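Q: Please guide me through the reading of this model, feature by feature.

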Amino acid sequence: MRIDIITVLPELLKSPFSASIMQRAQTKGHVEIHVHNLRDFSDDKHRNVDDYQYGGGAGMVMSVGPISKAIETLQAQRKYDELIYMTPDGDLLEQSTCNQLSLAQNLLILCGHYKGVDQRIRDLYITKELSIGSYVLSGGELAAAIVVDAVVRLIPGVLNDETSALTDSFQDGLLAPPVYTRPPEFKGMQVPEVLLGGNPKDVAAWREEKAYERTKERRPDLLGD
Ligand code: 6GU
């Protein structure tokens, strides 16, 4: 997979991909992540990428010129499966969306800033608009990093057995069950007996029951009715 990210703050997107699983995914060749500075596509001598909004009101709007040039420059080099715009008014990111995106060859992600981008950019180029939750961030960069992390770890070969995505919360529509490691007793608290017994059928049944209980208590919305 190849992921291109267009942003006014490229430095914000360095460290999220420079450690652990994201780092290894790139080293092993599962993904290439390219971060592009939107200002490089500005014709303005001050490298401006925003302007006052028509109709008045506080806050700047990201202009059509630099974004259009950035997108078309990249599109001339390859075909993108999705052109994603990160915005608080986008569709809430779900595991199912991440699963779907993990099958793509090329993704282009545009990070919103200020009051957002001129609506014509969204109408012309964008195929998917994503939000990571019902709160407002200073910009789309951290949200884009979250999308990339959630998607890249699903590419076959990125995770090994120990970190397998198959047992993640949400992957089967339930939250993950509680987990324990040594020691078997800590401050008087015992690891559940069934886990120490090592009967795989009993362990599986216990985990399923706990996953269901936890989901019912914390996220009943996931269970429907
Ligand atoms: Cl994608 N962008 C911003 N600026 N804020 C957000 C968001 C995105 N998702 C949730 N809040």
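This is a predicted model: local features need pLDDT of at least 70, side-chain atom pairs count only at pLDDT 80 or more; totals for chains, interfaces and linings use all residues.

Q: How far apart do the C-alpha centres of domain 1 and domain 2 lie?

A: Domain bounds come from an automatic or database domain assignment. Here the C-alpha centres of domain 1 and domain 2 are 37 Å apart; domain 1 covers 2-152 and domain 2 covers 169-223.

Q: Which residues are the closest to the ligand?

A: A residue is near a molecule if one of its heavy atoms lies within 4 Å of it. In this model 13 residues surround the ligand, and the closest are Thr-87, Ile-132, Gly-133, Tyr-135 and Leu-137. With Ala, Val, Leu, Ile, Met, Phe, Trp, Tyr, Cys and Pro counted as nonpolar, Asp, Glu, Lys and Arg as charged, and the others, Gly among them, as polar, the shell divides into eight nonpolar, five polar and no charged residues.

Q: What distance separates a backbone N or O atom of Tyr-135 from a nitrogen atom of the ligand?

A: A polar contact is a pair of N or O atoms within 3.5 Å; within protein, one must be able to donate a hydrogen and the other to accept it, and residues adjacent in sequence count only if both atoms are side-chain atoms. For Tyr-135 the distance from a backbone N or O atom to a ligand nitrogen is 2.5 Å. For Ile-132, a backbone N or O atom lies 3.0 Å from a nitrogen atom of the ligand, and a polar backbone atom of Leu-137 is 3.0 Å from a ligand nitrogen. Taken alone the ligand exposes 290 Å², of which the protein buries 97%, with areas from the Shrake-Rupley method and a 1.4 Å probe; for residues, only the protein chains shown count as cover.

Q: Which element gives the largest share of the shell around the ligand?

A: Helices (H or I, at least four residues) and strands (E, at least two) are DSSP runs, numbered from the N terminus. Strand E5 (82-92) and strand E7 (128-131) each give two or more residues to the shell, and the largest share, three residues, comes from E5.

Q: In which sense do strand E1 and strand E2 pair?

A: Two strands pair if DSSP finds at least two bridges between them. Strand E1 (residues 2-7) and strand E2 (residues 32-37) pair in the parallel sense over six bridges.

Key:
Residues are numbered from 1 along each chain as its sequence is written. Side-chain values use heavy atoms; hydrogens and water are left out.
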